[in-house]
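Good morning, and thank you for coming. Please look at the sequence and the structure together as I speak.

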Amino acid sequence: MDPTAKDEMEPSLPPGSSCPGSEWPEQERAEQLARGAALKWASGIFYRPEQLARLGQYRSREVQRTCSLEARIKSVVQSYLEGVKTGVWQLAQALEAVQGAREALGQAHGLLRGMAKAAQNLEPLREQVVQHKQLQALSQLLPRLRAVPAAVVHTQALIDAHRLLEAYVGLRELEQLQEETWASLGGLELPVFEGLGPLAEALGQAVEAAVGAAGQLAREDPALLVAAVRVAEVEAGRTTPLEQAPRDWRQRCLRALEEGLERVHFGTPLLPGPGALAGWLEALRVALPAELATAEALIAPCCPPHYKVVRLWARTLHGGLRRCLQQFLEGPELGAADAFTLLHWALHVYLGPEMMGSLELGPEADVSQLEPLLTLENIEQLEATFVSKVRASVVQWLQKALDGEVAEWGREQEPDTDPSGFYHSPMPAIVLQILEENIRVTSLVSQSLQRRVHGMALSELGAFLRSFNDALIRFSRDHLRGEAVVPHYVSYLLAALNHQSALSSSVSVLQPEGVVSGALAPVEAALDELQRRICRLVLEALLLELQPLFAALPSRHWLSSPELLNNVCERTARFCRNFWRVRNPAFQVLLAEAERTVVLQYLCALMQGRLVCRGADERNQAAERMQQDATQLRDLFLDLGLEESVHCAPVLLTLRKLLNLHDPTMLGLEVASLRQQFPDVSEEHISALLDLRGDVSREQRLAALSSLQDGPQPSPRAGRRALFSLVPAPTPSPSSCLFSGSCA
């Protein structure tokens with residue numbers, strides 16, 4: 001592109017324009033950007049030579065566009081100048097209006113200053129006008145004001161005469177006169193009205209006192225009760241002036257109803273003393289339903305429906321009784337009877353059909369949804385108190401019963417018997433009756449109390465059985481030592497065994513419904529121990545009589561004569577002659593133990609090594625004697641009443657076979673058979689029996705004893721009792737000691 005064309009393309013400034021310079025930097029920058037954009041556009045359009053032919057057309061188009069833009073700019077500038085001219089004119093008009101208002105305000109300020117001075121001059125006149133109005137109003141009210149003191153006295157007389165409605169009307173007239181005077185005198189209080197405050201308070205107290213005696217007035221003077229309630233309701237519906245404090249007579253009446261009701265039934269002088277709780281609760285049982293019936297029939301018609309008199313009565317009586325019981329429980333600890341009575345009354349009688357749950361009372365008297373009379377802590381406290389007191393009483397009674405029974409043991413006469421001839425004493429019945437009655441009566445209160453007393457009863461019964469056991473031990477010790485010889489020692493032991501049987505057979509009466517069956521297990525175990533103790537004491541007495549007789553057995557005299565065992569049977573029969581006075585099953589147990597004791601003494605005598613057979617004849621005699629002894633013992637105890645299935649005497653027949661065996665080489669079989677029947681037989685016992693034979697060599701003894709270990713193990717048999725293990729094993733002599741076995 002040639003320079004001439006380039007110059008022609010650059011836009012030219014209009015005449016008279018100059019470079020903005022530093023005065024308009026934004027305009028200068030915009031102009032530079034515009035020039036750059038134009039140059040860039042032109043260089044792009046006329047980059048090729050064939051486009052230069054259209055240069056004229058582009059120039060004329062740009063000239064037209066420039067002219068159009070200049071025309072639009074001129075129009076905008078002219079419109080702007082016209083708006084500025086209008087604004088300048090409006091500002092001039094506003095300036096003139098402000099200057100006029102300023103002048104008017106100055107004039108008004110001057111006028112106000114003049115009026116203030118005039119008002120100050122008129123102030124004394126205004127005060128005189130006010131005083132004139134007050135004097136005028138006072139002169140008009142003066143006749144009525146003169147009557148105010150007399151009206152106050154008259155109203156007080158009406159209050160004293162219990163004419164409450166008339167008194168309230170008089171009070172309201174006086175108060176209206178006071179309000180009128182106050183308004184007329186501009187809030188000035190006159191001394192003549194100073195008695196209205198105490199008068200209103202006296203009327204309020206009279207209304208409160210009348211409502212507080214609602215129960216009595218409803219029967220004697222219901223009109224007075226209605227008047228008091230109407231006064232309270234009218235006062236509650238009255239709009240109280242701002243300058244007067246509101247008199248909340250309705251709430252005072254409701255409080256008076258509650259306080260009067262509580263004062264009648266739960267006042268401090270009415271609280272029961274020690275031992276009088278049952279009578280007090282019985283009186284409440286009669287009085288509270290009667291009070292609710294009175295409230296529904298007499299008091300409720302005298303009061304507005306929104307008072308809900310029956311519900312108020314029920315809640316007040318319930319709350320007062322609850323607080324009274326709480327106060328009562330905070331005092332001295334109750335006795336067992338009072339604690340039981342209170343628990344039963346609060347949990348059952350109070351809400352029962354005899355009292356608050358009566359069908360004659362309406363639903364408004366329902367107190368079942370209110371707080372219970374006794375909290376869980378109160379119930380826990382009363383139950384613990386009852387159990388503690390009953391425990392002390394039970395311990396005392398049981399000890400007294402035990403002392404009485406122990407005192408009977410030293411009598412010269414035999415124990416008392418029942419019509420069937422069994423030894424009898426009222427002690428078991430007394431013990432069980434004491435415990436059973438305490439358990440049964442607690443079922444009237446609650447299961448928790450019954451469980452507590454049941455546990456206490458079983459605990460004390462266990463302690464009683466232990467004390468009974470200890471008393472028997474002391475009784476036996478003193479008798480055997482000779483410190484207190486008892487003529488009928490064994491008979492009283494047998495009577496004690498009957499006591500144990502009676503307790504054992506009747507202890508189930510102490511098991512209430514709902515208690516786990518295993519609760520009696522400790523008591524049953526104590527009863528079993530007591531039975532074993534009594535049997536042991538009886539058998540010890542039997543042993544004292546039999547041991548001197550068994551000291552001569554076995555012997556040569558025993559081989560040739562039945563006299564020794566006859567003496568044993570005679571002594572045993574005489575000792576057991578009163579066993580029939582023991583009731584079953586203790587009778588069978590005692591007889592079985594006696595027979596077992598005799599057999600054990602017989603075995604102990606055999607094991608002592610007092611006799612060694614000199615030959616086959618003596619062995620045959622010993623075997624024959626043992627057979628006769630076994631038969632004699634069996635017949636003795638069958639005659640006494642022992643069942644044959646529990647006899648221990650057949651062991652003598654088994655030992656007889658061991659003595660009567662002619663071939664010593666067959667001893668091993670007999671020993672094995674003996675082991676099968678009596679697993680507790682030991683090598684020492686076998687050795688003692690072999691010594692009794694007197695013909696067993698060392699090798700035969702060894703073979704016989706080895707059969708105890710080599711033979712088949714004995715089969716377990718239900719009901720099998722130990723026998724040989726209770727027989728002391730004799731100490732073997734050195735000549736018969738073996739190299740194998742326990743001695744070795």
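Predicted model: local features only at pLDDT ≥ 70, side-chain atom pairs only at ≥ 80, totals over all residues.

Where is the place of Lys308? Lys308 sits in the loop between α10 and α11; helices here are DSSP runs of H or I with at least four residues, strands are runs of E with at least two, and both are numbered from the N terminus. Residues are numbered from 1 along each chain as its sequence is written, and side-chain values use heavy atoms, with hydrogens and water left out.

Let us stay with the backbone. Phi of Lys308 is near 45°, a positive value in a residue other than glycine. With 43% relative accessibility, Lys308 counts as partly exposed; buried means under 20% relative accessible area, exposed over 50%, and partly exposed in between, with a 1.4 Å probe and protein chains only. His162 also has a positive phi, of about 60°, although it is not a glycine. His162 belongs to the loop between α4 (148-160) and α5, and at 52% relative accessibility His162 counts as exposed.

Two prolines deserve attention as well. The peptide bond from Leu553 to Pro554 is cis, with omega near -5°, and Pro554 is found in the loop between α17 (521-550) and α18 (556-560). Asn584 and Pro585 are likewise joined by a cis peptide bond, with omega about 0°; Pro585 is in the loop between α19 (563-575) and α20 (586-607).

I turn now to charged side chains. Side chains of opposite charge can pair when their charged atoms come close. How many salt bridges does the structure hold? There are 27, a salt bridge being a side-chain nitrogen of Lys or Arg within 4 Å of a carboxyl oxygen of Asp or Glu.

One of them joins Glu62 and Arg65, with the closest N and O atoms 3.4 Å apart. Because Glu62 and Arg65 are three residues apart in helix α3 (residues 55-146), about one helical turn separates them. Glu62 is partly exposed at 30% relative accessibility, and Arg65 is partly exposed at 47%.

Another salt bridge is formed by Arg619 and Asp695, at 3.3 Å from N to O. This pair links distant parts of the chain, 76 residues apart: Arg619 is in helix α21 (residues 616-640), and Asp695 is in the loop between α24 (683-693) and α25 (698-710). Arg619 counts as buried at 12% relative accessibility, whereas Asp695, at 25%, is partly exposed.

Glu201, Glu208 and Arg252 are linked in a network of salt bridges. Arg252 brings us to α9, where the buried residues include Trp249, Arg252, Leu257 and Phe266. Which helices cover the buried residues of α9? Among them are α6 (196-212), α8 (222-237) and α10 (277-299), contact meaning heavy atoms within 4.5 Å.

How does the length of α9 compare with expectation? The 18 residues of helix α9 (residues 249-266) should span 26 Å at 1.5 Å a residue, and the end C-alpha atoms are 25 Å apart, which agrees; the expected span is 1.5 Å times one less than the number of residues.

Thank you for your attention.
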